[in-house]
Protein chains: 2
Amino acid sequence: MDKNTQKIVLIGTGNVAHQLGLAFIKTKIPICGVWGRSKTKSTELAKKLGASIIEDLHSLSSSNIALICVTDTGIEEVLDKIPKEVKVAYTSGSIGLSNLPKREALGVFYPLQTISKNRSIDFASVPFLIESQNTIFENELKILATQISSTVKIANSETRFQLHIAAVIVNNFVNHLYYLGEQQLLENNLSFDLLKPLIKETANKLDQLSPKEAQTGPAQRNDQLIIQKQLAAIKEKDTKEIYRLFSQMITAAQLKA
Amino acid sequence: MDKNTQKIVLIGTGNVAHQLGLAFIKTKIPICGVWGRSKTKSTELAKKLGASIIEDLHSLSSSNIALICVTDTGIEEVLDKIPKEVKVAYTSGSIGLSNLPKREALGVFYPLQTISKNRSIDFASVPFLIESQNTIFENELKILATQISSTVKIANSETRFQLHIAAVIVNNFVNHLYYLGEQQLLENNLSFDLLKPLIKETANKLDQLSPKEAQTGPAQRNDQLIIQKQLAAIKEKDTKEIYRLFSQMITAAQLKA
């Protein structure tokens, strides 16, 4: 793909559009236009990326690749407005290709990462999952992803869906445990910063050990004395339920082959 | 404390004894002896640390500092065998000083970290929580910890207990979610390695954002379409229960002020 002829248009102005846009221009791949429902947000992002504001999606042409970075429920609506000859890819983990109206060049460009607007992402190590029924377009998307990441895979919708479930578990749910840990400390006027080295080591340990091998703590040892003592000391209802459930699950998992 | 006169003895041969021992000798603080219930294990650790094997705890003297690195339920038993004039500290998060028989110099030397035998720890950033009723000994322990870590705090038993609960949440429970994510992928013949960049970014995001700010995903957006679709696709019973519970909790937490 020639960097000078591809004209990438970002559809959406949220976290993913922001961070992908920045990653592209960092690799000298220009973003030619930005479309968003909110005029303020699209103006802001277009300015940041040195791109034009797309007023009307119907104005896109076959020289564009439109990257749809909107929430899952919004994809079909914007897709309807984009002329059939435009190549389109979307960034969702859970929407299957067959769930969307067919078109000549429709594909998936899914970064397996948690993306927030105010936190820049180094995409180099982020797995990108690519899919299209159109093999030429699939290859184009693959080449595009390769320019920002070293882990690019062709994967069908079912594989992507399963990976998205696992991603929800190890990112969204893990982050909620960070939140509960933070609440537990705030209640006792203790700084969450004290936990950060532990949180990082918990993640980094997986470079060397499997999650089962990496497990430590009272439930891993089935130390009921400490488990009951800690459980009794937790005031917050959700945290108490989580504590009870995880302690049982961890003890059971350690006994499995 | 003079490095040449302090004679540290490690009591225990598990994960904590291993890694603390290695951290001490790396900082040129010698370990003079190792005691363990298992002869094989104490021989192995003593050899690794260039220390002698302590055959009988009754042989320790007032020139020793005994660091008890055994599980919580085993502390009192070994403590009984150590002569009263020996300075003793233990490494547990959840055992309060007042839960143990009084002695002249009894203290706590608690590293807030997950420690496995086969994973070396860089203690430099690990918070150490120190406590003793004997202020001279408390200070000795503080100086000792300062030689391997830059974050050393005097903290009472209640503070340490609360921190240990939070540590269980953000380490043991988080690690169990890694396990469930791994299981979800194994069932679908997918490599857990694909999740590792996401797992690390989830932890590292906290350098910049609070857990609440860092949250993303279907439950954060209360996207019931995806939530129900993912829930229906999960076969494993525990994972299904966890998915339902966390999705509710995350959506509720996002609505809180």
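Predicted model: local features only at pLDDT ≥ 70, side-chain atom pairs only at ≥ 80, totals over all residues.
A salt bridge is here a side-chain nitrogen of Lys or Arg lying within 4 Å of a carboxyl oxygen of Asp or Glu.

## Overall build of chain A

The secondary structure of chain A consists of nine helices and eight strands, and its C-alpha trace extends over about 70 × 40 × 30 Å along the principal axes. Of the 257 residues in chain A, 59% are buried. Among contacts in chain A with a separation of 6 or more, 51% are made by residues 24 or more positions apart.

## The sheet and the helices packed on it

The eight strands of chain A form an open sheet with mixed pairing, and their order across the sheet is 3-2-1-4-5-6-7-8. Strand 3 (52-53) and strand 8 (152-154) of chain A stand at the edges, where each has a single partner strand, so one side of each is left without a neighbour in the sheet. Strand 1 (residues 7-11) and strand 4 (residues 64-68) of chain A pair in the parallel sense over five bridges, and within this pairing A:Lys7 has A:Asn64 in strand 4 as its bridge partner.

Helix 4 (residues 135-146) of chain A packs on the sheet and touches strand 1, strand 4, strand 5 (87-90), strand 6 (106-111), strand 7 (128-132) and strand 8 of chain A, with a direction that makes about 165° with that of strand 7. Helix 5 (residues 157-187) of chain A also packs on the sheet, where it touches strand 5, strand 6 and strand 7, and its direction makes about 150° with that of strand 7 of chain A.

## Other salt bridges

A search of the whole structure, taken over all chains, finds 22 salt bridges. One of them joins A:Lys237 to A:Asp238, with the closest N and O atoms 3.8 Å apart; A:Lys237 counts as exposed at 62% relative accessibility.

In chain B, B:Asp223 forms a salt bridge with B:Arg221, whose closest N and O atoms are again given as 3.8 Å apart. Is B:Asp223 buried or exposed? B:Asp223 is buried, with a relative accessible area of 6%, because buried means under 20%, whereas B:Arg221 counts as partly exposed at 35% relative accessibility. Salt bridges that share partners also join A:Arg37, A:Glu77 and A:Lys81 into one network.

## The interface of chain B and chain A

In the interface, 93 residues of chain B are in contact with 93 residues of chain A. The size of an interface is often given as the accessible area lost when the parts come together. For chain B and chain A the buried area is about 8,900 Å², and carbon and sulfur atoms give 67% of it. In chain B, the residues that lose the most area to chain A are B:Arg119, B:Phe173 and B:Leu194, which together account for 8% of what that side buries.

Four salt bridges are found across the interface of chain B and chain A, and the side chains of B:Asp207 and A:Lys200 meet in a salt bridge with an N to O distance of 2.8 Å. With both residues at pLDDT 80 or more, 37 residue pairs are in polar contact across the interface. On the side of chain B that touches chain A, helix 5 (157-187), helix 6 (196-204), helix 7 (211-214), helix 8 (224-233) and helix 9 (237-255) of chain B each supply at least two residues. Helix 5 of chain B gives the most to that side, with 25 residues.

## A buried glycine in chain B

B:Gly217 is placed in the loop between helix 7 and helix 8 of chain B, and at 11% relative accessibility B:Gly217 counts as buried. The C-alpha atoms of B:Gly217 and B:Ile250 are separated by 9.7 Å, although the two residues are 33 residues apart along the chain.

How values were computed. Residues numbered from 1 in each chain as written. Chains lettered and ligands numbered in written order. Heavy atoms only, no water. Pairing = 2+ DSSP bridges. Helix = DSSP H or I, 4+ residues; strand = E, 2+ residues; numbered from the N terminus. Contact = heavy atoms within 4.5 Å. Axes fitted to C-alpha atoms, helices over the stretch in contact; angles between N-to-C directions. Buried < 20%, exposed > 50% of the residue type's maximum accessible area, 1.4 Å probe, protein only. Buried area = accessible area lost by both parts, 1.4 Å probe. Polar contact = N/O pair within 3.5 Å; in protein donor to acceptor, adjacent residues only side chain to side chain.
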